[in-house]
Amino acid sequence: MSNDNKQNQGEAGDVLLEMRDIRIEGFSDEKWNPIIKGMDLTLHRGEVLGLIGESGAGKSTLGLAGMGFTQPGCRITSGSIMFDGIDLVKATETEKRALWGSRVAYVAQSAAASFNPAHRLIDQTVEATVAHGLQAEAAAKDDARQLYSALTLPFPETIGERYPHQVSGGQLQRVMTAMAMSPRPDLIVFDEPTTALDVTTQVEVLLSMRKIVEEFNTAAIYITHDLAVVAQMADTIKVLRYGKEVEESPAREMLTAPKEEYTKSLWSVRALHKEAQPSDDIVLSIDGVDAAYGRGLKVLHDVNIKVPRGRTVSIVGESGSGKSTTARVITGLLPPMAGQVTFNGEALPPQLKGRSKEQLRKIQMIYQMADTAMNPRQTVGEIIGRPLEFYHGLKGAAREKRVLELLEMIELDETFYDRLPSEMSGGQKQRICIARALAAEPEVIICDEVTSALDQIVQEGILKLLMKLQEKHGITYLFITHDIATVEAISDEIVVMYMGEVVEQGIKDEIMTAPYPAYTELLLSSVPEMDPDWLTNLAENRGETA
Amino acid sequence: MTETNTYSAASEVASTITRRTRWERMKITLSKAPLTAWFGMIVIVFYLFVALFAQWLAPHGEADNSFAAYLPWGEAGHVFGTDQIGRDVFSRLIYGAQNTIGIALATTFLSFMIGGTLGLAASIRGGWTDQILSRIVDVLMAIPSLIFALMLLSVFGSTAGSLIIIIALLDSTRVFRITRSVAVNVVVMDYVEAARLRGEGLGWVMRREILPNIMPPLVAEFGLRFSFVFLTIASLSFLGVGLQPPTADWGSMVRESASLMQFVQYDLKSGLTPLLPAGAIALITVAVNYVVDWFLHMTSGLKD
């Protein structure tokens, strides 16, 4: 099962896909801008190539070009793409359509958005195979059931009769892999297939995808921004930046001895570290909180969290574990059914309406998506200036001066004062949101997945900034995240949540060292590591214990 | 693009949008406007000009009945002749523009004030506020608006003021619906939640956070509502419960001269007199619709 012996199977070694000096442009702002600036790519039969890079590096564009496909608004300007003797740049639409869904297949990032909700899974799985006349419908469906079983889906015989909304996100992603595999293609392009999944689900999906790709000796292009994930899947890794190749080498070599500075910086967050400092001065305390949406299901069960002053407490857990609901209870957006939130020794009114301006000012929030957290019609000056005026009564020149000071604190300059959110990058937008929170001069900032939508190197910048601000102003952070690497980098204390309950709370070093409760163990062991054998070992370990 | 490895937040490359002033952007948009939109805009500007300067443009007074009745076109300096009690038809057409457009604009503004504010409040507050307001609107919309307006006007009398208030109220139901439906998509955005967490009041959230983001559909709706209000006023006047004489408006002018139609075979031009105010109503309705169509096409992001 190791990655190395795969090359020896079948007709391996033949070149399946070869791109030469490919250049792709995209149309925006009324002109053509280069996206891919001359790249080569060679893929052999049975080989898995990992494409990694930050958003905007051109990895999806290049991966899709491997199928001869360009997104709307893009064009291939020069170069050649030879797929098994066919030049995909010169091929007509009809010729390419004959390839797609029969010899080349695609697995998209968001399975939930890619399935037609009105059709059964199995009909969608075999659709391309039947349409291309590769197999009769009944035979294709039999084969699909076997694929489901090979992908370790539960109830492989009947799961295909369900509709997309009746299975989980991880299962849907595996059904999509079955759909791609159904015509037995020569090449599958995986476009960030596990990015939207929780770590524990990701492990299962990765395992089953790797198993099936190996079993049928299919060549694959695996696109992702997560180096640790690609290390488990790929034989060769290619790093992209600004539409150019940074370096390409076998997976093992890339991990142990990256040549370029940029490649090293890709996992820089994992290198950040903070010594945990315990403290007994509790600023915010959540005691016995139960909460539910409407009269529906209870989502929080007896949650108890203590947040010490000037420290960082991270709440980790998968989606649906109640992390964000806890934040909504603290901010007063969702009054709890039972229990109490105490701030500085005073009980906070449960309703937002019942809280005073001072109470509101002292707890600020930063959101995951900086895009939707800022009004697209307001300039930076207005966005940061409003809390200054609202809480501190600053007006005119005094307000402008303070906004500029805040911009300096978040390492941006005065040229940003008049910009609109649409004129900034993701990291800059998140910095503006931090400045907006700082403007209120809060004691506690709740950070809800603030870095999860950002690239690694930008994440590092934001985390460093947050830590610097904490040192200087003694701000307390309640950091909500599913990313264990971030948690390790910045927190003093960790709270693990599962199904609306707190599994444990403690000092970082205690939580991160054995013995763990069962769920913490599962969560921690599911975080991909920079080791190409990690997934294999994990599968063996879990196989033994199961 | 910097390709160095020293990271600095300010040097991150954002999207390459070139900033233009509002005036420059307007010039670019206008230069791309289709012919129909240009036609519509020219007609609207012409109507507004006539309405604003009616006093100076009209050769005779609005209620000046010192001439012989039913003079044919072109006789004694009366371009479109005179009506049944000897008023200059051309002058009354010009004054009619002022009265009808003025009232229609006032009505549309008022209906947007009422429907827009309540629609925003319903979408932000949600829950009971939304339920009660929406059900009241449902009830009002279930009653045929022209009949309802006739009833209310006969109760409160046909003054310009009651005309504006009654039509505005009835029309605000539709404004409420559209405002509420576009606003509910904005209300769920994080920046609205952020404003509420800051402790902002309902007024701020409505005016500063939501309204700027729902303007395009509302502006388009304003144009459409204006045409409909215009038609409603004309219909009510035609039925005799709109603006009362001697105030000139196009709806009642059609009614007063309608009987002339039967004399078309004897005097072609004079027989067409009722078509003049009717045509004036039709032209502005079409013009406004052309402009609204263009505007909707632009803001919906559809590319041709």
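This is a predicted model: local features need pLDDT of at least 70, side-chain atom pairs count only at pLDDT 80 or more; totals for chains, interfaces and linings use all residues.

Trainee: What is the average pLDDT of chain A?

Mentor: Chain A averages 84, and 95% of its residues score at least 70. Be careful with residues 1–10 of chain A, where the pLDDT is below 50.

Trainee: In what order do the six strands of the open sheet in chain A run?

Mentor: Strands of a sheet pair through backbone hydrogen bonds, in parallel or antiparallel fashion. Here the order is E6-E7-E8-E3-E9-E10 in chain A, with mixed pairing. Strands E6 (104–107) and E10 (244–250) of chain A are at the edges with a single partner strand each, so one side of each has no neighbour in the sheet. For a parallel example, take E3 and E9 of chain A, joined over four bridges; Leu51(A) has Lys238(A) as its bridge partner in E9(A).

Trainee: Why is the pair of Tyr498(A) and Tyr519(A) called stacked?

Mentor: Planes under 30 degrees apart count as stacked. The two rings have planes at 25 degrees and centres 4.1 Å apart, so Tyr498(A) and Tyr519(A) qualify. Tyr498(A) is in strand E19 of chain A and Tyr519(A) in helix H20 of chain A, 21 residues apart. Tyr498(A) is partly exposed at 38% relative accessibility, whereas Tyr519(A) is buried at 10%.

Trainee: How is the pair of Phe230(B) and Trp250(B) arranged?

Mentor: That pair is tilted, with 55 degrees between the planes and 5.8 Å centre to centre.

Notes. Residues are numbered from 1 along each chain as its sequence is written. Chains are lettered from A and ligands numbered from 1 in the order in which they are written. Side-chain values use heavy atoms; hydrogens and water are left out. Two strands pair if DSSP finds at least two bridges between them. Helices (H or I, at least four residues) and strands (E, at least two) are DSSP runs, numbered from the N terminus. pLDDT is the predictor's confidence in each residue, from 0 to 100. Contact means heavy atoms within 4.5 Å. Rings of Phe, Tyr and Trp (its six-membered ring) pair if their centres lie within 6.5 Å; planes under 30 degrees apart count as stacked, over 60 as edge-to-face and the rest as tilted. Buried means under 20% relative accessible area, exposed over 50%, partly exposed in between (1.4 Å probe, protein chains only).
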